Amino acid sequence: MVNLVSSFRNCPKSRRPWWALLGAMLLALPACAAALAPAATGSLLSAGQAMVLGLVEGITEYLPVSSTAHLLLTQHMLGVVAEGDAKDAMNAYEIVIQAGAILAVLFLYFGRVRSVCAGLMGKDPAGRRLGINILIAFAPAVVLGFLFEKQIKHYLFGLWPVVAAWIVGGFIILWVVRRRDTAHEEGIGKVLESLTPMQALSIGLLQCVAMWPGVSRSLATILGGLLVGLSAGAAVEFSFLLGMLTLTGATVHDGYKYGHGIIHYFGVVNPLIGFAVAGVSAFLAVKWLVGYLNRHGLGIFGYYRIALGIVVAGLLAMGWLVQ
């Protein structure tokens, strides 16, 4: 580990393998949690475990790797997989701490959000068009989430479905990257203001696929933006703005429905720790992601998803992880 850090420091900034460091952080999180976790105090979630789950949420929420899948994996590795009402509370806790990631994007894109709000009040035509497109893209997830919430959580919230989504999603990323490279489309694409309502609806329909844990909401919406002709920067920005609304809706829904259970099983302090850590780590992850995609593209996330899916499949097959 010391040699890895030393090599990283000695490497020129332009060539530093940020993705490798980020991956190493994710792999080290369960070990950190074990070291941080205090003795049981009646709560099913320790402060250290809450911190790690918040860190995983913040880092992965806006990366095209699926925060839900990483949280499910981290749960299993930390040994905090609950049953019954406690499981519902745990799933809700992982949704509610998204509020930290929402605030991070609100801070980073405050100017754009202010424009949308002004537009919806009739003061900014461009902001109004963008706001309407965000609402259109948001609508399909509301309908499908309302109709199939129980079925999705019952059948798809497991490690084997996650593994399948990781690997398939990884190959889709590599296909899209190869297609764009072949067509010499780097840096080419429409600006966000040119997005039409039908294109926004197409992105929203793709977002629904991300209800399958492991697919990644960010992946679905970024790829959706690219496929309708947006530039990489515009696709990422629309993904973040749509994510604010989508995650806010999910957070309010689960917070209202399961808030009492979260407090009953986990207390007040530990969920607040997860919220704060998620906010700080999401801020740093978004700043890193935007810079990285502008220079390198999505390809590395395809390889990461495939590699992680294979590793987790192997651990499941050997019984080292339990479904």
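## The model

The model is predicted, so local features need pLDDT of at least 70 and side-chain atom pairs count only at pLDDT 80 or more, while totals for chains, interfaces and linings use all residues. Residues are numbered from 1 along each chain as its sequence is written, and side-chain values use heavy atoms, with hydrogens and water left out.

## Overall build

The protein has 14 helices and zero strands. Both are DSSP runs numbered from the N terminus: helices are H or I with at least four residues, strands are E with at least two.

Of the 323 residues, 49% count as buried. Buried means under 20% relative accessible area, exposed means over 50%, and partly exposed lies in between, with a 1.4 Å probe and protein chains only. The protein exposes about 15,900 Å². Carbon and sulfur atoms supply 69% of that area. The areas come from the Shrake-Rupley method with a 1.4 Å probe; for residues, only the protein chains shown count as cover.

## Salt bridges

The structure holds two salt bridges. Each needs a side-chain nitrogen of Lys or Arg within 4 Å of a carboxyl oxygen of Asp or Glu.

Arg112 and Glu193 form a salt bridge, 2.9 Å from N to O. Arg112 lies in helix α7 (residues 110-120) and Glu193 in the loop between α9 (159-182) and α10 (197-209), so the pair ties together parts that are 81 residues apart in sequence. Arg112 also forms a salt bridge with Glu237, with the closest N and O atoms 2.7 Å apart. This pair links helix α7 to helix α12, 125 residues apart. Together, Arg112, Glu193 and Glu237 are linked in a network.

How accessible are the three residues? Arg112 is partly exposed at 23% relative accessibility. Glu193 is partly exposed too, at 42%. Glu237 is buried, at 16%.

## The largest pocket

Rolling a probe the size of a water molecule over the atoms shows where empty space is left. The search uses a 1 Å grid over the protein atoms alone. A pocket is an open set of points with protein on both sides within 12 Å along at least five of seven lines; a cavity is a set where a 1.4 Å probe fits but cannot get out. Lining residues have an atom within 4 Å of a point. Points are joined across faces, edges and corners, and a volume is the space filled by probe spheres set on them.

The largest pocket has a volume of about 920 Å³. Its lining has 36 residues, and Ile95, Gly145, Met211, Thr246 and Ala250 lie nearest the centre. Helix α8 gives the largest share, eight residues. The lining has 15 nonpolar, 14 polar and seven charged residues. Ala, Val, Leu, Ile, Met, Phe, Trp, Tyr, Cys and Pro count as nonpolar, Asp, Glu, Lys and Arg as charged, and the others, Gly among them, as polar.

## The cavity

There is one cavity of 30 Å³ or more. The largest cavity holds about 40 Å³ of space. Its lining is Ala126, Arg129, Leu130, Asn133, Leu192 and Glu193. Glu193 also takes part in the salt bridge with Arg112.
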